[in-house]
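Let's take a walk through this structure together. Keep the picture in view as you read.

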Amino acid sequence: MNVDATYLHGGTRLCECRASVRRNPGKVEIRAMTMSGLGLNLPNLISLARLLLVPLEIWLILVGRYGLAFWVLVAAGISDALDGFIAKRFDRRTRLGALLDPVADKAMLVSVYITLGAAHQLWTSLVILVVFRDVMIVGGFLLIQLFAVPKHYEPLYISKLNTGVQIMLVGFVLARLGLGAVAGQIDLVLSLIVGATTVVSGLSYLVRWARLLARSEQAL
């Protein structure tokens, strides 16, 4: 997910705020922070709604309503595509959206993995591996921002592939459970693919970070 640092219509709102500063500076400041700083447009509201679906998804899995949990996951996927389309097609991309969209995606996916693991529908070792990779990526990103030259980097191809198969696995498991079917070879194959791509993705990020840190040291 690319980070977009563009605020929309900021100039117009800034002029309006400056015109009102002399009348009521406190109120104008609050209004500017609310409208421009937060950037709550339609794509961001869709992302926020997707984030609010996470507790519902967890509850549905814990009480064994796997069929409904599958459709909530499908709805989350549709909303992800929808907010991305609206943001790009109508140029409604904001800093808040660049943060909220991936956070909602990761919160949903990681929560489903942890909850299915707690329900003994996924291997515990696989759940630990998936969660550890995500935590490592977030920690590595923060480390790079602190010690290396800040720069935008595209996600690795193996990372995109890993996310895709992660979604395929939990989607299949929820659909299977919703239909009352037992685990079979497809579960095994998908789980092995998720495990392998998770390991390769994590190692690939470690190599990238090592190179970036080495360049940073040479620059010093």
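**Getting oriented**

The mean pLDDT of this protein is 81, and 77% of its residues reach 70 or more; pLDDT is the predictor's confidence in each residue, from 0 to 100. That score is there since this is a predicted model, where local features need pLDDT of at least 70, side-chain atom pairs count only at pLDDT 80 or more, and totals for chains, interfaces and linings use all residues. Residues are numbered from 1 along each chain as its sequence is written, and side-chain values use heavy atoms, with hydrogens and water left out.

Among the elements, helix H1 (residues 10–21) has the lowest mean pLDDT, 38, while H7 has the highest, 96. (Helices here are DSSP runs of H or I with at least four residues, numbered from the N terminus.) Over residues 1–22 pLDDT stays under 50, and the model has 34 contacts beyond four places in sequence for them; a contact means heavy atoms within 4.5 Å. Residues 24–37 also stay under 50, with 14 such contacts.

**Along helix H3**

Now follow H3, which runs over residues 42–62. Its 21 residues reach 31 Å from first C-alpha to last, close to the 30 Å expected at 1.5 Å a residue (the expected span is 1.5 Å times one less than the number of residues). After H3 comes Gly64, with a positive phi near 80°.

Which residues of H3 are buried? The list is Pro43, Asn44, Ile46, Ser47, Arg50, Val54, Glu57, Leu60 and Ile61, where buried means under 20% relative accessible area, exposed over 50%, and partly exposed in between (1.4 Å probe, protein chains only). An α-helix has 3.6 residues a turn, so residues three or four places apart point the same way. Helices H4 (66–89), H5 (95–118) and H7 (157–178) are among what covers the buried residues of H3.

Leu48 and Val103 sit 55 residues apart in sequence and 9.6 Å apart in space, C-alpha to C-alpha. Over in H4 you'll find Val74, which is partly exposed because its relative accessible area is 28%. Val74 and Gly171 are 97 residues apart in sequence, yet 8.1 Å apart in space, C-alpha to C-alpha.

**Into the core**

The largest nonpolar core has 25 residues, and those touching the most other members are Val112, Tyr113, Leu116, Leu122, Leu169, Val170 and Leu174. (A nonpolar core is a set of buried Ala, Val, Leu, Ile, Met, Phe, Trp, Tyr and Cys residues joined through side-chain atoms within 4.5 Å.) H3, H4, H5, H6 (124–147), H7 and H8 (185–219) each supply at least two of its residues, and H7 gives the most, with six. Apart from this core lies another, of eight residues, including Ile137, Leu156, Ile158 and Leu212.

Take Leu169: leaving aside neighbours within four places in sequence, it is in contact with Tyr113, Leu122, Leu126, Asp187, Leu190, Ser191 and Val194.

Last stop: His120, in the loop between H5 and H6. His120 has a positive phi of about 60° although it is not a glycine, and it counts as exposed because its relative accessibility is 70%.
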